[in-house]
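This report looks at one protein chain, from its overall build down to single residues. Please keep the sequence and the structure in view while reading.

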Amino acid sequence: MARPAWSDDEVEAVRDLATTFFEKEVLPHEEKFIAQGHPDRALYRKAGELGLLCAAIPSEYGGGGGTFAHEAAIIEAQTHAGDGSLGMSVHSSIIAPYIHEFGSEELKRRVLPKAASGEMLLSIGMTEPGTGSDLQAIKTRAVREGDEYVITGSKIFISNGWLCDGIIIAAKTDPAQGAAGVSLIFAEVSDDTPGFKRGRILSKIGGKGQDTAELFFDGLRVPASNLLGTGEGQGFYQMMQMLAQERLVTAILAVAMTESAVKLTVDYTKGREAFGKPLFAMQNTKFELAECATIAKVGRVFLDDCISKHLRGELDIPTAAMSKYWLTDQLGNVVDRCLQLFGGYGYMTEYPISQLYTGARVLRILAGANEVMKDLIARSL
């Protein structure tokens, strides 16, 4: 892959380091992670030691002192290497920025260095049973009692939920206010924390080695100083502000997976013989791959432009929604066509194309379903 315009020598060095980490430290244990439903916790400490966590968080808070370009390179390296287990993009590119942007100075200095070292794994609890993308309809409550919030409710489909030590909880502090009554509160948790319970590790059709769980709160007490922002009721605005980056992260995953699908299929069809000649030599195979490669190229150009805009502070909400919806849709199109060219082998879980196929499907749902993205885009027209 040619160096994108948003990269430089330092970013590429981080990409190379990340690639080596995923290929040597993570991928050899993939079957174990799938069997247990989550990666090994110790790998986050190793990633932290290498400087691969919180790369864009300022060094004064223990982070790498880089930019979103460093985060993007790490995400691409992880995806191109074929790792779908470690929830590093959620930890570093989505949740840590909430703490840095909206947390108090004390909270930032207490949490971010641990997040950067891998000592504390971060998660975020937005989605609830029955709410999905409708974040205004959440039912989790946070009631102020003196210097604490008492939180009651549940969350579902939570990435890093089984292993997390810290979670941002979206809760209603004033249910009568609708969206204006939503607040974000950070909680440090463990299996022994009163009022906190982990539910099931959820069984999924794809990303089987990735940590996804249910979480329950029954009188969980959290210091009031862990409220994100300057007061209650700012949570919905905070989520809308930060979801643009989360959607861009999803778009990065989509393009990297599209590129991987094309590469895997080109390599396979050149080595697989059918009717006395390589499968790649057949006109239908060439035409299918020519179209898929073109889609991947167009997606790459669009993505790189979005990353460059984001680095300049110019990526608006509609464009982020466009990148998330269109690039994940195109991934679904390409990976389906690529799997077809593998024939029966494409349906076997031992072939990476099958894992790309099942892993791709969730990207059209998470970070706001693609139907929601289209509505956001339409509002801007």
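## Terms and model

Helices (H or I, at least four residues) and strands (E, at least two) are DSSP runs, numbered from the N terminus. The model is predicted: local features need pLDDT of at least 70, side-chain atom pairs count only at pLDDT 80 or more, and totals for chains, interfaces and linings use all residues. Residues are numbered from 1 along each chain as its sequence is written, and side-chain values use heavy atoms, with hydrogens and water left out.

## Overall build

The protein has 11 helices and nine strands. Its radius of gyration is 21 Å, close to the 21 Å that the globule rule gives for 381 residues, so the protein is as compact as a globular protein of that length. The radius is taken over C-alpha atoms, and the rule is 2.2 Å times the number of residues to the power 0.38. Along the principal axes, the C-alpha trace spans about 80 × 45 × 40 Å.

Of the 381 residues, 53% count as buried. Buried means under 20% relative accessible area, exposed over 50%, and partly exposed in between (1.4 Å probe, protein chains only).

## Two loop residues with positive phi

Asparagine 160 sits in the loop between strand E3 (148–159) and strand E4 (166–172). Its phi is near 70°, a positive value in a residue other than glycine. Asparagine 160 counts as buried because its relative accessibility is 1%.

Phenylalanine 275 belongs to the loop between strand E8 (273–274) and strand E9 (277–278). This residue is not a glycine either, yet its phi is positive, at about 55°. With 80% relative accessibility, phenylalanine 275 counts as exposed.

Helix H9 covers residues 317–341, and its 25 residues should span 36 Å at 1.5 Å a residue; the end C-alpha atoms are 37 Å apart, which agrees. The expected span is 1.5 Å times one less than the number of residues. Just after H9, glycine 343 has a positive phi of about 60°.

Serine 323 is part of H9 and counts as buried, because its relative accessibility is 0%. A polar atom of the serine 323 side chain lies 2.7 Å from the backbone oxygen of alanine 320. Leaving out residues up to four places away in sequence, serine 323 touches Arg247, Leu248, Ala251, Phe302, Cys306 and Thr328. Contact here means heavy atoms within 4.5 Å.

Note on methods: A polar contact is a pair of N or O atoms within 3.5 Å; within protein, one must be able to donate a hydrogen and the other to accept it, and residues adjacent in sequence count only if both atoms are side-chain atoms.
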